[in-house]
Every structure is written in structure tokens, then in C-alpha cells.
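Keep the structure open as you read.

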Amino acid sequence: MEAVKKQLEGRIDYEGQRLSEQVAYFSLVVSGVIAFFVSFLASSIKFGLIVFAAGYVITLLAVVPPWPVYRKHPIAWLPVRRLKAD
Amino acid sequence: MFSAWQRLQNTSSWALSVCLTLLAVISVSSWYVLPTVPLGSIGLKSFQVVPGSGSQSNLEYALMRLDVQSDLTPLFANWNTKQLYVSVVADWNSTVEGTQSSVVLWDRIITRKRPEAAKLRIEGLKAKNVWKVRRGGFKTIPSCHLSLKYDIMPYVGIVTPGIGARARNPTWNVTTETATNSFGEWDIAVPGVKSGGVGS
Amino acid sequence: MFMDEINQLRRMGFRAILLQALNLATIIAGGLMGWKALCLATNSESPIVVVLSESMEPAFARGDILFLTNFASDSYEIGDIPVYKIPGANIPIVHRIIHSHTSTVTHPNGTTTETQLMLTKGDNNPTDDLGLYHSYMRGMKWLKRDMVVGKVRGFLPHVGYVTIVMNDYPQLKYALLGTLGVFLLFNKEQ
């Protein structure tokens, strides 16, 4: 049960977090800009919103699952030290 | 951002912000570049003041026929225009105590699906809402402005009004037994009303 | 299954639970402040309304959101769309002005008062609103400025349908509020 929960949590390391945040932000803003021009050129706001929705789904796929690219820099924990009992 | 759930949450709220910004930019940009419409014309074909009968005997009706011509198609060139509400409006100032009044004589909704309807060319348009006032009320109306007004309904964004046409000469004068417009182009008899029809 | 979370709650202790409750209260208070600020900025008691009826189709459909302003300097002309509430009935009505009579009276001391009487009609309705006025308020023949909540300035389609669904199915509203509350209670700032 614990193992399943750990997998579902999808933890990634700190470098990965920064990367995923940048990717998400960039991808959403680009989707928004493309959606604006699409709606302008196609004379249809609905179409522009569909483009944006597609961009959103792509962003989710790129950012939410813990891809290995986000795990390239695992945290180097100190080795476990046994405390000497006094 | 360490867990998948966190990433889902954060990404979704950013996406919502970007989406709302997108809609706001669409609204403002389409409002900014709203095209102007070449001013059309309204001609008064005939005008008659008729007293009401029976239960409506305390009222007077103005029966009129108008020629309306206006091309509103440039408004649909804007991608954000969903439809137009078009109305022929009569504005007048009554001699009674600085009162200003407006009534809609005729209206129509033109949707984007049928933009050919935006080329209005109606001859002999009859008022949908008959202009009626109290008996003797038309005497207190010296002149009236007829205009064709439009209101733009956008797909998303700001609601904008505008004027599509004006009566070529904005007022008419009715003197004693006959009504003439300022061109003198036509004479209209005003039966059933004692002295004068509309105004002076 | 939720032993972890329940243990977490137990470990938190009374003060921590109070802190979480305070967090929740802050969020609610912040939202309320934002709403009231918007009401002040637009001078309207309800600057955002959801369209409930089909009386203005095809311009406004059920679930559309309207943005209103109610400045004293706003002019209400033919073709404008006011949102009004007849005293005695609490539902906002969104219709278009088709008749307007304004009389300006200049008082001897120089000030002027302006009274505007309006008649409205829904685009999709066969008749004007006179019958509507009568049914809510005996003897009411005209709409006056003080019954108007605001003038429609902006429009956002479909987004308000959520509130209509929640009103029609109140269990959904409680379920949504319940899950939101549970989430906020268990949310840890990590």
C-alpha cells in the first residue's frame, strides 16, 4: 500500500521541480499566444479556445507524470549514522 | 511541485489565469479595432396622426412609413461580433418642461449566420410598435430625430452601441393642417386633429 | 486507509487545528473582501450576474455571465440593457430598454433633478414588460433608475452555467463545498 502511494505521489527532485515549473509556464503562455492568433485568423473564438485546451492537455502530460528527465539530480542524502549509545 | 498532485494543481491554476487573460485580450483588442459604419439614411415616406377609437379613444397614433437604408456589414468583419440589435428610434424633446423621450419604432436582430441581412434596404417600413401618445400629445412634440441605432453583442467582451443611419434632415415641421418635412418634399394631410398635428 | 491522515490530525494538536481553521477563515474573508471591493468599484450591489432565463436569446443564453456598472453618470438609452430588480421580487431581470422618457426639473436654487422612466422588453419575449411590472408591483407602469442594479457592459458566455446547475441540484453544491472544506483542512504548507 505504501509503495503504491509513493508511486502515485510522483516525487521528483528539486532540479526537476524547477524544470517542470519552467516547462509548464512556458508551454501555457505559448498555447495562449497561439490560441489568440488562431482565433483572430480563423475568426472563431471557439477554435482558439480549443487550441488552448489542447495546449493545456499537452502541458499536463509533459509536467504531471514523474518523467525520468525530472529525476536526473537525486538529492544526495548523508549516509545513515548509527548514534553510539552512551 | 514535488508531487504529481501539486503539479496538477499548480498547472491548472496557471492555465486558468492564462485563459482569462486570453479572453480579456480578445475582448479589448476586438473592441479597439471596431470598424466604423458609413452613415446611411432614413427617409420619412408618410406621416399621419390618427386618433384612437373605442377603448383607445384617449390616445393618438402616429402612422408612418419610412425608407431605411444602411450598410452594417463592416461590423461583422470584426471576429468578435456575434449579432447586432438594430432599432429605428425616434428621439424628441417635448415642449412640456424639458422632457426628453425616445421610443423604439422597429427593431430586428441580425445574427452572424445571415450577414446579408446587415445590408438594410427597407422601403416603406412600418413601425412594429405604433407610436402612441395621449390625445393631443402630438401637439406638444415640435420635432423629432429619427435614427437607426445598433448594439453589438460580442462573443466575449464589451457591449458597444452605435448609430447606423440618421434621417437626412433630422427634424420635421408640422404646421396647421399639413405636415411637411423641411425639404418640402411632401405634404401630408393630418386628418382628425384640430389645429396643427405635431407641434407648432 | 486514511490512518496516516487521522494520525496526522491527532499529532497536530489543538493549536494546529485552530491554525488551519484560521487559514480557512482568511481565504473566505479575502474572497468576500474582493467581492465587496468590486461592488464598490462598479457602484453596483451585484456587478456580476448570471443569466437565468431565455428571454434575451439569442443575445444572452442561460448560464452567461454579465458584467455591470451602475455609476450615477451612466446614461441609460434605448438599446442599452439594464439589469433590474423590482422591490418585492428578488430575481434580477435582464431586458432591453425600448422606451425612455427623461424629465429634467430645475429647482429655484439651481439644482436639477432628473427622473427617467423606462419601459423594457426581452428580445425573445412577444410583449414588453408592462405585464411583468404589474405582476410584481401593483400600479407600476415604468421602470425607474433606483430599481436598476446596473447596466450591462461586458459579457462572458457559458461560464455561469455551473451556478445554475448547483442551484438546480443543491446536493452538488453541498458536495462541492464539503470536499473543498476537507481539502483545505488537510492541506499542509510543505
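How many bridges join strand 8 of chain B to strand 8 of chain C? Two bridges join them, and the strands run antiparallel. Two strands pair if DSSP finds at least two bridges between them. B:Ile158 stands opposite C:Gly154, a residue in strand 8 of chain C. Strand 8 of chain B spans 157-158, and its partner in chain C covers residues 148-156.

A word on conventions. This is a predicted model: local features need pLDDT of at least 70, side-chain atom pairs count only at pLDDT 80 or more, and totals for chains, interfaces and linings use all residues. Residues are numbered from 1 along each chain as its sequence is written, while chains are lettered from A and ligands numbered from 1 in the order in which they are written.

Start with chain B itself. Its secondary structure comes to one helix and 12 strands. Here helices (H or I, at least four residues) and strands (E, at least two) are DSSP runs, numbered from the N terminus. The order of elements is α-β-β-β-β-β-β-β-β-β-β-β-β. Of the 200 residues in chain B, 36% are buried. A residue is buried if 20 or more other C-beta atoms lie within 10 Å of its own, exposed if 12 or fewer, and partly exposed in between, with C-beta atoms placed from the backbone.

Strand 7 of chain B is a case in point. 10 of its 11 residues are buried, so strand 7 is largely enclosed by the rest of the structure. Strand 7 is joined to strand 3 of chain B by 11 bridges, and the two run antiparallel. B:Thr81 stands opposite B:Pro154 of strand 7.

Now return to the side facing chain C. The contact takes 26 residues from chain B and 20 residues from chain C. Two residues are in contact if their C-beta atoms, placed from the backbone, lie within 7 Å. Strand 4 of chain B (99-111) gives the most to this side, with eight residues. By class, the chain B side has 13 nonpolar, 10 polar and three charged residues. Ala, Val, Leu, Ile, Met, Phe, Trp, Tyr, Cys and Pro count as nonpolar, Asp, Glu, Lys and Arg as charged, and the others, Gly among them, as polar.

Chain A is next. 19 residues of chain B are in contact with 26 residues of chain A. The chain B side divides into 14 nonpolar, four polar and one charged.

Helix 1 of chain B meets two helices here. Contact residues include A:Leu28 and A:Gly32 on helix 2 of chain A, and B:Trp14 and B:Val18 on helix 1 of chain B.

Helix 3 of chain A (residues 45-63) comes within 11 Å of helix 1 of chain B, axis to axis, crossing at roughly 160°. That makes helix 3 of chain A roughly antiparallel to helix 1 of chain B. Among the contact residues are A:Phe52, A:Tyr56, B:Leu8 and B:Cys19. Axes are lines fitted to C-alpha atoms, for helices over the stretch in contact, and angles run from 0 to 180 degrees between N-to-C directions.

Technical notes
Angles under 35 degrees count as roughly parallel, over 145 as roughly antiparallel, 65 to 115 as roughly perpendicular and the rest as oblique.
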